[in-house]
Amino acid sequence: MDAVYRFALRLAKEPDLAEDLTQETFLRAYQNRDKYTPGTRVKSWLFTICRNLFLRRTERSRRHDEIVTEAADEDARHVSRENSVFMAARDRDPEGEFWKQVVDEEVLRAIDELPPEFREPLILSDLEDLSYQEIAEVIGVPIGTVKSRLFRGRRILQKALYDYAVEQGIVKDTKPDDSIDAEEVSE
Amino acid sequence: MNARTSDREPIDCEEALERLAAYLDQELDRTGRDEMERHLERCRSCFSRAEFERRLKERIQRGLVLDEVPREFEERIRTLLGRRASES
């Protein structure tokens, strides 16, 4: 139940709505238990139900999803060789020790600020350890889309948390020429 | 650096960076994982990049795991499901 609630909470960002979604998810799953495919992970099935309920509640139409998808999905290979956050940090903290000093609340805030199409795969991958294939099935997109959304979501998160670390003095910023170009994540 | 021409040939930095996310997400098969690990053993630059990305992933996991189901709510769901089961 923890996993479904956590997923619902990060989707909805409101505890009351997350509880409603979790309750409805389990009730739906119970009602439709004969539709569960043996051999697949129950967790993935529950996430799928929960996500569909959330989308219905928030009236996110399929058309809207398609528009977002077109804007968000791009071949991660085009940008995977560059990482402006890493390049900015590599002289002072090349292995990213500073991540440990960023407070939990800031991490959650940065995750909550991610657009939903990036937030969903990130939660399912990094928290729930779903495979790319399982995430693709939950979200209903091709595996390539999962990869690119994960890639881009992590880049946005890296930049947000790095900026926070610089602001807090956890990491000293490098010279102005090395400042992070926000466009790098949306090239 | 040239791209690999056979499975036995070590991967180069370009290929290692392309595979990095899949490696950290445990999406590579045994051969792919071994190739990545051999590359990371001998390439300090890619090793640093991998560590940087790995620490972010760990940080995300640590932040997200804090969400806990309120116990009262959990009890309510269990009761509700138990009732449904006894009705059917």
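Colleague: At roughly what angle do the axes of helix α1 and α3(A) of chain A cross?

Modeller: The model is a predicted one. In it, helix α1 (residues 2–12) of chain A and α3(A) have axes that come within 10 Å. The crossing of α1(A) and α3(A) is right-handed. The angle at which these axes cross is roughly 30°.

Colleague: Is α1(A) roughly parallel or roughly antiparallel to α3(A)?

Modeller: The axes of α1(A) and α3(A) cross at roughly 30°. Angles under 35 degrees count as roughly parallel. The arrangement of α1(A) relative to α3(A) is therefore roughly parallel.

Colleague: Which residues of α3(A) make the contact with α1(A)?

Modeller: On the side of α1(A), the contact involves A:A3, A:V4, A:F7, A:A8, A:L11 and A:A12. Facing them on α3(A) are A:K43, A:L46, A:F47, A:C50, A:R51 and A:F54.

Colleague: Which residues of α8(A) are in contact with α3(A)?

Modeller: Helix α3 (residues 42–57) and helix α8 (residues 132–139), both of chain A, have axes that come within 8 Å and cross at roughly 30°. That angle makes α3(A) roughly parallel to α8(A), and the crossing is right-handed. From α3(A), the contact is made by A:S44, A:F47, A:T48 and A:R51. From α8(A), the residues are A:E134, A:E137, A:V138 and A:I139.

Colleague: What pattern of elements does chain A follow along the sequence?

Modeller: Chain A has nine helices and zero strands. Buried residues account for 51% of its 187 residues. Read along the sequence, the pattern is α-α-α-α-α-α-α-α-α.

Colleague: And what share of the 88 residues of chain B counts as buried?

Modeller: Chain B has four helices and zero strands, and its elements run α-α-α-α from the N terminus on. Among its contacts between residues at least 6 apart in sequence, 45% join residues at least 24 apart. The share of its residues that counts as buried is 43%.

Colleague: Turning to the aromatic residues, how many aromatic pairs does a search of the whole structure find?

Modeller: The search covers all chains. The number of aromatic pairs found is seven.

Colleague: Why is the pair of A:F98 and A:Y162 edge-to-face?

Modeller: The ring centres of A:F98 and A:Y162 are 5.4 Å apart, and their planes stand at 70°. Planes over 60 degrees apart count as edge-to-face. The pair is therefore edge-to-face because of its plane angle, 70°.

Colleague: How many residues apart in sequence are the parts that A:F98 and A:Y162 tie together?

Modeller: A:F98 lies in the loop between α5 (84–89) and α6 (104–113) of chain A, whereas A:Y162 belongs to helix α9 (residues 143–167) of chain A. A:F98 is buried at a relative accessible area of 1%, and A:Y162 is likewise buried at 1%. The pair ties together parts whose separation in sequence, in residues, is 64.

Colleague: Which residue of chain B forms an aromatic pair with A:F98?

Modeller: This pair is tilted, with 6.2 Å centre to centre and 55° between the planes. The pair crosses between chains, from the loop between α5 and α6 of chain A to helix α3 (residues 44–64) of chain B.

Colleague: Which residues form one aromatic cluster with A:F98?

Modeller: The cluster includes A:Y162, the edge-to-face partner of A:F98.

Colleague: Which residue of chain B is in contact with A:L161?

Modeller: A:L161 lies in helix α9 of chain A and is buried, with a relative accessible area of 0%. Leaving aside neighbours within four places in sequence, its contacts in chain A are A:F98, A:W99, A:V102, A:E106, A:V107 and A:A110.

Colleague: Is A:D126 buried or exposed?

Modeller: A:D126 is placed in helix α7 (residues 116–127) of chain A. Leaving aside neighbours within four places in sequence, its contacts are A:R154, B:D25, B:K57, B:I60 and B:Q61. Its relative accessibility is 1%, so A:D126 counts as buried.

Technical notes. Residues numbered from 1 in each chain as written. Chains lettered and ligands numbered in written order. Predicted model: local features only at pLDDT ≥ 70, side-chain atom pairs only at ≥ 80, totals over all residues. Heavy atoms only, no water. Phe/Tyr/Trp six-rings, centres within 6.5 Å; stacked < 30°, edge-to-face > 60°. Helix = DSSP H or I, 4+ residues; strand = E, 2+ residues; numbered from the N terminus. Buried < 20%, exposed > 50% of the residue type's maximum accessible area, 1.4 Å probe, protein only. Axes fitted to C-alpha atoms, helices over the stretch in contact; angles between N-to-C directions. Parallel < 35°, antiparallel > 145°, perpendicular 65-115°, else oblique. Left-handed = near helix turned anticlockwise from the far one by under 90°. Contact = heavy atoms within 4.5 Å.
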